[in-house]
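Work through the exercises below with the structure open beside you.

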Amino acid sequence: MDELARRFETDRPHLRAVAQRMLGSAAEADDAVQEAWLRLSRSDTSEVSNLTGWLTTVVSRVCLDMLRSRAARREDSGEAPEAPAAEQTHPESEALLADAMGPALLVVLDTLTPAERLAFVLHDMFAVPFPEIAEIAGSSPAAARQLASRARRKVQGRDAEEDRARSRTVVEAFLAASRSGDFAALLALLDPEVVLRADAAAVGFGANSLLRGAAAVAETFSGRAQHAEPALLDGEAGLVWAPGGTARVAFAFIIVDGRITGIEQIADPADLGGMEVRVLGS
């Protein structure tokens, strides 16, 4: 138990950061982290190879339950969200959270549904892949991706059509640079910390499961994507390889302030089948 407690304390700052961003409250985050410890202490984790990932999943599920309970109380009362009672707040922690995320973002996050908030926080803030988010939310990876996309649009506060047009311009520029092997143009379009993830089916086609950094991602795409076509994936700008008109591989993009911060390479037939794919042609 001492070793388990030591491991938990090592992960506590990460778990608290996840919980605070999910819940927007330092006091509730502490409760969620404590519940994660109780579940860990009652579980057999001898076969768990990634304890940090396991704990992140547990604390995320606890937070999701808390968010759903909070939403249900609001619906029953018909009242607007209330601030936590003064005796339950941690003023210094709440101030640090507001500084880290920005007061405006905290307000917008409160307008999201519990599932949208889960998907946005885990994926966009902590780079948790959609299959893991789907397992937590009890949905498909495609549905988790849609949740994050809707949340992102709300957070960015942009008109949906205008946002799609901007994203499509970036994706089409990425495709053109990839086809022509313009390494410098690819670097300009990619965020320095961009993350490229591929699902197991895409890895089976020869893709790397995970790449980080603009140089590595640009090198992967430079001179390639000759047969990829622009597409809308669940209404969002992306790319697809669709020989014979059937989508075999999709590339979903996360774009922030005109730069690509994430690319998801999806080849799992079930995920592709659950995705609305509209090929636009190049």
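**Exercise 1.** Identify the residues nearest the centre of the largest cavity, and state which elements supply its lining.

Step 1. A cavity is found on a 1 Å grid over the protein atoms alone, as a set of points where a 1.4 Å probe fits but cannot get out; lining residues have an atom within 4 Å of a point. The largest cavity has 13 lining residues, and R145, R152, E236, A252 and F253 lie nearest its centre.

Step 2. This is a predicted model, in which local features need pLDDT of at least 70 and side-chain atom pairs count only at pLDDT 80 or more, while totals for chains, interfaces and linings use all residues. Residues are numbered from 1 along each chain as its sequence is written, and side-chain values use heavy atoms, with hydrogens and water left out.

Step 3. Helices (DSSP runs of H or I, at least four residues) and strands (DSSP runs of E, at least two) are numbered from the N terminus. At least two lining residues come from each of α8 (141–156), β4 (236–241) and β5 (249–256). Helix α8 gives the largest share, four residues.

Step 4. By class, the lining holds six nonpolar, two polar and five charged residues. Here Ala, Val, Leu, Ile, Met, Phe, Trp, Tyr, Cys and Pro are nonpolar, Asp, Glu, Lys and Arg are charged, and the others, Gly among them, are polar.

Step 5. The volume of the largest cavity is about 130 Å³, where a volume is the space filled by probe spheres set on the points, with grid points joined across faces, edges and corners. The count of cavities of 30 Å³ or more is one.

**Exercise 2.** Describe the second largest pocket by volume, lining and residue class.

Step 1. A pocket is an open set of points with protein on both sides within 12 Å along at least five of seven lines. The second largest pocket has a volume of about 480 Å³.

Step 2. It is lined by 19 residues, with F221, R224, A225, F251 and Q265 closest to its centre. The elements α12 (214–221), β4 and β5 each contribute at least two residues to this lining.

Step 3. The lining of this pocket divides into twelve nonpolar residues, six polar and one charged.

Step 4. A225 sits in the loop between α12 and β3 (229–233). Its phi is positive, near 60 degrees, and A225 is a residue other than glycine. With a relative accessible area of 22%, A225 is partly exposed; buried means under 20%, exposed over 50%, and partly exposed in between (1.4 Å probe, protein chains only).

**Exercise 3.** Which residues of α7 and α12 are buried, and how are they placed around each axis?

Step 1. In α7 (residues 130–137) the buried residues are F130, I133, A134, I136 and A137. They lie on the same side of α7 because they cover an arc of only 160 degrees around the axis, the arc being that of the directions from the helix axis to the C-beta atoms.

Step 2. In α12 the buried residues are A214, V217, A218 and F221. Their arc is only 100 degrees, so they too are on the same side of α12.

Step 3. An α-helix has 3.6 residues a turn, so residues three or four places apart point the same way.

Step 4. Check what follows each helix.

Step 5. In the loop between α6 (114–126) and α7 lies A127. Its phi is positive, about 55 degrees, although A127 is not a glycine.

**Exercise 4.** Is T45 buried or exposed, and what does it touch?

Step 1. T45 is in the loop between α2 (26–41) and α3 (51–77). Its relative accessible area is 15%, so T45 is buried.

Step 2. Leaving out residues up to four places away in sequence, T45 touches L4, L40, L51 and W54, contact meaning heavy atoms within 4.5 Å.

**Exercise 5.** Locate V279 and list its contacts.

Step 1. V279 belongs to strand β7 (residues 277–279), and is partly exposed at 37% relative accessible area.

Step 2. Its contacts, not counting residues up to four places away in sequence, are E229, P230, A231 and V240. The C-alpha atoms of V279 and A231 are 4.2 Å apart, although 48 residues separate the two along the chain.
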